Amino acid sequence: MTFGKGHHLHLIDGSAFIFRAYHALPPLTRKSDGLPVGAVAGFCNMLFRYVENNKGPDAPTHVAVIFDHSSKTFRNEIYPLYKAQRPEPPEDLRPQFPLTREATRAFNIACIETEGFEADDIIAALSCKARDAGGSVTILSSDKDLMQLVGDGVEMLDPMKNKRIGRDEVFEKFGVYPERVVDVQALAGDSIDNVPGAPGIGIKTAALLIQEYGDLESLLARAGEIKQPKRRAAIEENAEQIRISKRLVALDCNTPLTFSLEDLEVRLPVADDLLGFLNRMEFRTLTTRVAASLKVEPPPAPTAAVLRNEGVPEIVEQVEAALPFDSASYACIRDAEALAAWIARIRDLGHVAIDTETTSLDEMRAELVGISLCVEAGAACYIPLGHRAGGGDLFGASELVADQMPLGLALSMLKPVLEDESILKIGQNMKYDAKILARHGIRVAPIDDTMLMSYAMHAGRHGHGMDELCDTYLGHKPIAIKTLLGSGKSQITFDRVPVEQAVCYAAEDADVTFRLWKLFKPQLHRARVTTVYETLERPLVPVLAEMEMAGVQVDRDTLSRMSNAFAQKMAGLEAEIHALAGGPFNVGSPKQLGEILFEKMGLPGGQKGKNGAWGTGADVLEDLAAEGHDLPARVLDWRQLSKLKSTYTDALQEHIHPETGRVHTSYSIAGANTGRLASTDPNLQNIPVRSEEGRRIREAFVAPPGKLLVSLDYSQIELRILAHIADIPALKQAFREGHDIHAMTASEMFNVPLEGMDPMIRRQAKAINFGVIYGISGFGLARNLRIPRADAQGFIDRYFERFPGIRGYMDETIAFAKANGHVETLFGRRINTPEINAKGPGAGFARRAAINAPIQGTAADVIRRAMIRMPKAIRGMPATMLLQVHDELLFEVEEEAADALIERVREVMEGAADPAVKLTVPLTVEAGRGLNWAAAH
DNA sequence: GGGCTCACG
DNA sequence: GACGTACGTGAGCCCG
């Protein structure tokens with residue numbers, strides 16, 4: 001049949017699949033002869049998954065996998081340097097190229113490559129041809145060079161993210177629609193493919209220019225009109241180079257084809273061919289899997305070796321992770337006999353993935369509704385325990401639905417397993433489940449946590465939530481909780497979800513967790529982060545769980561009184577503000593305030609932001625207030641009170657637990673990229689302290705009768721770490737001798753004596769010290785100190801002159817990040833820096849973040865080490881660790897034991913780097929105590 | 001739901 | 001002459 005309307009062509013970017021597979025998998029070899037086959041294995045998994053996922057009514061009618069033939073193409077005649085700096089493919093990948101072609105043919109999918117052309121050219125020609133014939137096209141690739149083809153029935157699909165790329169997505173990426181993408185690419189160039197472009201012009205700028213001038217030729221013709229001289233020169237002087245670049249990136253619909261679209265019609269795999277190939281490759285598990293899918297007997301293994309029993313575990317894991325998900329296969333456990341069978345299986349295997357379903361995300365209030373277990377990929381079950389009938393009476397109470405195990409019985413059966421030292425419990429964000437189970441008297445141990453594994457390997461690359469990990473690494477979108485619970489006002493709690501639905505959702509979560517674990521466990525080692533995971537991530541889980549469950553006592557009356565006082569003051573201020581403005585308006589609306597200040601009142605110095613709104617930040621208002629304007633001064637006061645009231649005195653009261661009378665925050669271990677913790681619900685890491693008025697909120701954080709709050713914090717820990725890492729003798733000596741580090745810096749920089757130093761000079765040195773930690777810039781320092789930029793730059797220059805090691809540290813860190821795509825802390829924590837080679841303003845952000853990360857991250861590692869050692873160190877003392885605020889730990893302790901506690905904790909904190917890292921500066925800890933947090937700090 | 005503003009280290 | 005910039009977070013509010 002002639003290809004035409006109603007037909008749908010899939011074009012698979014084969015080369016991208018291969019490289020993806022190669023880098024995603026460990027270097028596997030064929031058992032019988034050592035032939036490298038890792039990439040082939042991954043490639044086959046991807047093809048199998050593709051075939052399985054494309055069977056329904058929406059299935060394509062035509063499909064082809066397109067490969068690059070060789071590295072030399074017609075583009076090298078246009079520009080000899082094109083892709084010239086591209087490294088040769090790795091030694092163990094090269095022999096796998098022909099095998100991937102063979103694999104494609106084994107799947108009975110058209111396999112296409114043409115001498116002298118890139119895969120992209122063939123994809124372009126096929127897309128055009130199919131589109132012109134009236135069919136639709138999906139290109140399975142995430143290659144930006146193909147985005148110019150999108151539109152008119154042609155779309156792309158990123159196969160890893162399962163994300164559709166249409167015209168709008170292209171616009172998002174390039175700032176122009178597909179037909180102008182080549183213009184933008186021609187201007188921006190591409191350092192990876194060696195497309196020269198215009199120097200200093202990145203995608204952002206190129207898009208702006210094309211948007212303004214319409215297209216590339218108009219831009220080149222009117223280049224003289226460009227206002228910014230640098231850009232103008234870059235374009236005027238490189239016009240020819242830009243035109244060449246355009247020819248390099250433009251894909252040609254007329255690339256010759258030696259076959260017709262009809263040749264690409266979808267064909268079913270021929271069982272003998274496909275199984276024969278897979279078997280020859282010795283992909284045992286995949287062979288079995290494919291045979292099952294084709295409903296034929298798997299062929300006997302070619303050798304006696306059965307991979308599962310004889311090692312090469314990774315390949316089994318990879319293949320297992322890729323098995324299709326089947327929610328119909330999940331079991332629902334309703335009686336002790338069935339549960340006993342699963343427990344026996346768990347004991348046999350020595351591990352289990354577990355997930356709890358509850359009525360709330362707040363572990364301190366959540367009620368347990370069910371538990372899911374998974375013992376191997378696809379083998380999962382759900383135990384409903386607390387599901388209730390839909391409606392309920394007036395008070396929301398309702399009966400448990402029938403046919404559920406009694407909660408107590410299930411837990412008493414599971415407890416010995418969950419507490420068994422020889423059985424590994426695997427979870428995604430185990431702190432949550434551990435806390436839920438702890439409330440039922442179960443101490444889960446030992447554990448592994450897939451969220452933390454991902455964090456140890458991929459911090460900075462992407463988030464570590466289960467849905468995202470599953471989609472990214474298993475190519476599967478798990479059932480969204482929203483589909484069960486709904487959202488907004490009509491949202492229900494999990495106990496109201498029908499058991500049948502709950503089984504599919506909950507068991508799948510355990511299944512996903514198990515598969516992620518299978519995948520991540522061997523990868524940790526290859527990423528060299530096993531130690532980080534095992535010493536800085538995993539052991540923190542029980543420590544934080546204890547702290548969160550302990551909570552901190554907060555006095556409701558104190559907060560309530562403060563709220564009332566704030567409300568009164570605010571009302572007064574509001575009246576004054578309205579009077580000054582000559583009419584009422586919403587003081588809390590930056591938009592309205594900006595209009596009042598800069599339009600109605602016509603005050604000077606107003607600046608509009610990028611979306612047309614007047615800036616009304618504190619710095620702007622402070623400047624206005626300093627010029628004697630009353631209204632902005634009052635607004636500043638009002639804002640401070642409003643913040644304190646809504647975020648603290650009001651909101652904190654809501655967080656006091658009805659039974660414990662305490663506030664239980666939750667720390668996310670994998671929240672901040674640098675290794676810091678983040679505190680949520682409520683955030684207890686940003687309780688005011690800098691202003692006198694705000695600091696009083698800390699008076700509401702109290703010690704119970706007979707006890708004291710004790711606070712210990714590291715003094716200048718980040719500067720000390722900088723002094724150590726950058727190896728600055730003067731700084732290190734100052735820290736060893738206990739000098740005032742900022743005064744010392746000022747003395748060194750400005751040649752002034754320490755005695756009788758001007759506080760302003762010291763303040764400037766302090767700002768520079770902090771700036772260095774943040775990846776200093778003249779602009780930033782100038783803004784912070786409110787001095788001219790040239791002066792700020794002068795300070796920085798002098799600083800680098802005096803402490804050349806700092807410069808060295810910065811340069812080396814950037815170079816390391818560029819070469820490796822990540823930076824590291826002293827303890828080996830890895831912070832990925834995917835944007836480090838970006839062009840444009842993003843580059844600055846990435847560079848400063850890369851400079852900051854090892855310093856902030858090392859400090860975070862140090863306090864993590866201290867916290868992990870703390871339970872043992874203070875065992876037997878009448879004391880509890882309550883809170884962490886980045887460089888501070890807060891404890892509650894019986895009065896008489898405060899001295900002993902401080903001594904013990906200080907010892908642990910000051911020695912926390914030992915013995916893994918021998919710091920060449922001392923860490924010192926300052927301690928305070930009192931009846932409330934304000935007094936203890 | 002994004003942007004603004006502001007609290008902390 | 002002004003692409004834009006100090007690093008890392010979370011929460012509450014306004015507004016479309």
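Predicted model: local features only at pLDDT ≥ 70, side-chain atom pairs only at ≥ 80, totals over all residues.
1. Find T358 and you'll see L368 of β9 standing opposite.

2. Now follow β9 to its other partner. Strand β10 (residues 379–384) runs antiparallel to β9, and 6 bridges join the two. Here S372 stands opposite Y382 of β10. The hairpin of β9 and β10 has 2 residues between the strands, and G378 takes a positive phi near 90° there.

3. Why is β9 described as largely enclosed by the rest of the structure? Because 8 of the 9 residues in β9 (residues 368–376) are buried, where buried means under 20% relative accessible area.

4. Next, a pair of helices. The axes of α1 (residues 14–24) and α4 (residues 96–106) come within 11 Å, crossing at roughly 120°. That angle makes α1 oblique to α4, and their crossing is right-handed. On the α1 side, I18, F19 and Y22 make the contact, meeting Q96, F97, T100 and R101 in α4. Sorted by class, this contact has 4 nonpolar, 2 polar and 1 charged residues.

5. Last stop: E622, which sits in helix α26 (residues 618–626). Its relative accessibility is 39%, so E622 counts as partly exposed. Leaving out residues up to four places away in sequence, E622 touches L636 and R786. N108 is another story: 514 residues separate N108 and E622 along the chain, and their C-alpha atoms are 71 Å apart.

Note on methods:
Residues numbered from 1 in each chain as written. Chains lettered and ligands numbered in written order. Heavy atoms only, no water. Axes fitted to C-alpha atoms, helices over the stretch in contact; angles between N-to-C directions. Helix = DSSP H or I, 4+ residues; strand = E, 2+ residues; numbered from the N terminus. Parallel < 35°, antiparallel > 145°, perpendicular 65-115°, else oblique. Left-handed = near helix turned anticlockwise from the far one by under 90°. Contact = heavy atoms within 4.5 Å. Nonpolar A, V, L, I, M, F, W, Y, C, P; charged D, E, K, R; others polar. Buried < 20%, exposed > 50% of the residue type's maximum accessible area, 1.4 Å probe, protein only. Pairing = 2+ DSSP bridges.
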